[in-house]
Amino acid sequence: MNFKQLEYVLTIYREGTLTKAAEKLFISQPALTQQLQKLEKEIGAPLFDRTTTPLTPTYAGKYYLDIIEKILYQNQQALAWLDDINSLKRGKITLGISDIRSLQFLPVLLPSFRKKYPHIEVEIKEAPALSLSDMVKKGEIDFALMLARRDITDLVFQPLLTEKVLLAVPREFPINAACQECVKKEGFLDLRIVKDEPFILLKRGFRLRNIAYDLFKQYDIMPPIVMKTINVNLSHHMTAAGYGLSFVGEIAASLSTVDPVPCYYPVKGDNCTWELGIAYHPDKYISKAMKAFFAHVEEQVPEILARASLQTKL
């Protein structure tokens, strides 16, 4: 029994078939089958039910897989610690991030980080925002750059910045005159001013959608909804195209390439801000490479926020 065999078994379980697992491991299926049979012979029990598709663990297999995950995790932690001996001369970190946030942050963070630490490899795994916490728990990523979530209490969350939610209004809409006057007077936009304007909202499952309906309830309005989408970028681009109003985070607004640029207005409500930060497993060994990346992100936060504030002014 060796670590390679343990990785083989875990990959078979995750991929569901020997064919897919062999492709993932870059070995032939017969070779993988041979290794599995060898291990099963050694422990004296089959690990998978070969009659099912995808393969399902046997009773013994379920227990063995649980132990394998713990062994490989501990081995991963040991290797991470040993990497620190080289004092950042080499290393690797795996960052999980949503595709939306990757566009906002990685062009700012990675080039400057690489200049500082040219021998630290940063592997990026993009995934839906709601999947990032599970990826951290399973050890698929070292940490995630994500929004704070009240329903996740078993991860360490290190806040980096607080992002405001803005209302984007097509630049050619006449209502902008009233919106600008209100913001200059009150410091924020009274949404009753735009109660009859067409809105573009996200579908269920998105925080911006919940914020939108919370604000509508707070201001006792229900404007016409002309479009619903799961694509944050699309809603923003449709606003730029003059189709309707939409809600957007201030950093997304500042880094967007939409043309013409909408007018952005601050809004006031109980849930009109959110915390963005770094989440990692409480038992995770925090390598020097990870600490260096955390520090680098914190260094860049003031610049990101300053740029967001400058580019989203009226």
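Predicted model: local features only at pLDDT ≥ 70, side-chain atom pairs only at ≥ 80, totals over all residues.
## Overall dimensions and fold

The protein chain contains 11 helices and 11 strands. Its radius of gyration is 24 Å, well over the 20 Å that the globule rule gives for 314 residues, so the chain is more spread out than a compact globule. The C-alpha trace of the protein chain spans about 75 × 50 × 30 Å along its principal axes.

Of the contacts in the protein chain between residues at least 6 apart in sequence, 73% join residues at least 24 apart.

## Burial and surface

Buried residues account for 45% of the 314 residues in the protein chain. The accessible surface of the protein chain is about 16,900 Å². Carbon and sulfur atoms contribute 53% of this surface.

## The site at T58

T58 sits in the loop that lies between β2 (56-57) and α4 (59-83). The relative accessible area of T58 is 18%; because the cut-off for buried is under 20%, T58 counts as buried.

Which residues are in contact with T58, once its neighbours within four places in sequence are left aside? They are P46, L47, F48 and D49. T58 is thus a loop residue that is buried and is in contact with the residues P46, L47, F48 and D49.

Definitions and conventions: Residues numbered from 1 in each chain as written. Heavy atoms only, no water. Helix = DSSP H or I, 4+ residues; strand = E, 2+ residues; numbered from the N terminus. Buried < 20%, exposed > 50% of the residue type's maximum accessible area, 1.4 Å probe, protein only. Contact = heavy atoms within 4.5 Å. Rg over C-alpha atoms; globule rule 2.2 N^0.38 Å. Areas by Shrake-Rupley, 256 points an atom, 1.4 Å probe, with all protein chains shown as cover.
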